[in-house]
Each structure stands twice: as structure tokens, then as C-alpha cells.
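Morning, everyone. I'll keep this short. Have a look at the chain on the screen, then we'll go through it.

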Amino acid sequence: MIDELADFRTQALARLAAQHEEIVRLRDAAAGASRVSRLPAPRTTMIGMCS
């Protein structure tokens, strides 16, 4: 049981690391592309209550 959990943890960390690397690669690619523009930051003021 402990070995299975350790393997699961190792695989999960490897997947997270791979996903992080892919995100960094995509961000770098997007930063170099002139066709890609950043969206404006979300508004922080509330105009009313959501219910």
C-alpha cells in the first residue's frame, strides 16, 4: 500500500512538472508572437450583489 502511494506521488509530481514546463513553453511562444494580445485584467470593483 505504501509503495503504491509513493509511486502515485512520484507520477503525480512528474505530471505536474511536465505541465508546468508546457505552460512555460506556451507562455514563451505567446510572448514572441505578435498576433497574441493579453486580455485586460479583470475588474475588481463590484457593481451590485450577485444572488
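Burial first: of the 51 residues in this chain, 0% count as buried. Keep in mind that this is a predicted model. The chain exposes about 5500 Å². Carbon and sulfur atoms supply 60% of that area.

Now the fold. The chain has one helix and zero strands. Helix α1 covers residues 2-32.

Next, charges. How many salt bridges does the count come to? The answer is one salt bridge. Glu22 forms the bridge with Arg25. Their closest N and O atoms are 2.7 Å apart, and the cut-off is 4 Å, so the pair qualifies. As a general point, side chains of opposite charge can pair when their charged atoms come close.

Where do the two partners sit? Glu22 and Arg25 both lie in helix α1. They are three residues apart, about one turn of the helix.

One more residue: Thr10. Thr10 also lies in helix α1. Its relative accessibility is 51%, so Thr10 counts as exposed; the cut-off there is over 50%. What does the Thr10 side chain reach? It reaches the backbone oxygen of Ala6, at 2.9 Å.

That's my part. Over to you.

Key: Residues numbered from 1 in each chain as written. Predicted model: local features only at pLDDT ≥ 70, side-chain atom pairs only at ≥ 80, totals over all residues. Heavy atoms only, no water. Salt bridge = Lys/Arg side-chain N within 4 Å of Asp/Glu carboxyl O. Helix = DSSP H or I, 4+ residues; strand = E, 2+ residues; numbered from the N terminus. Buried < 20%, exposed > 50% of the residue type's maximum accessible area, 1.4 Å probe, protein only. Areas by Shrake-Rupley, 256 points an atom, 1.4 Å probe, with all protein chains shown as cover. Polar contact = N/O pair within 3.5 Å; in protein donor to acceptor, adjacent residues only side chain to side chain.
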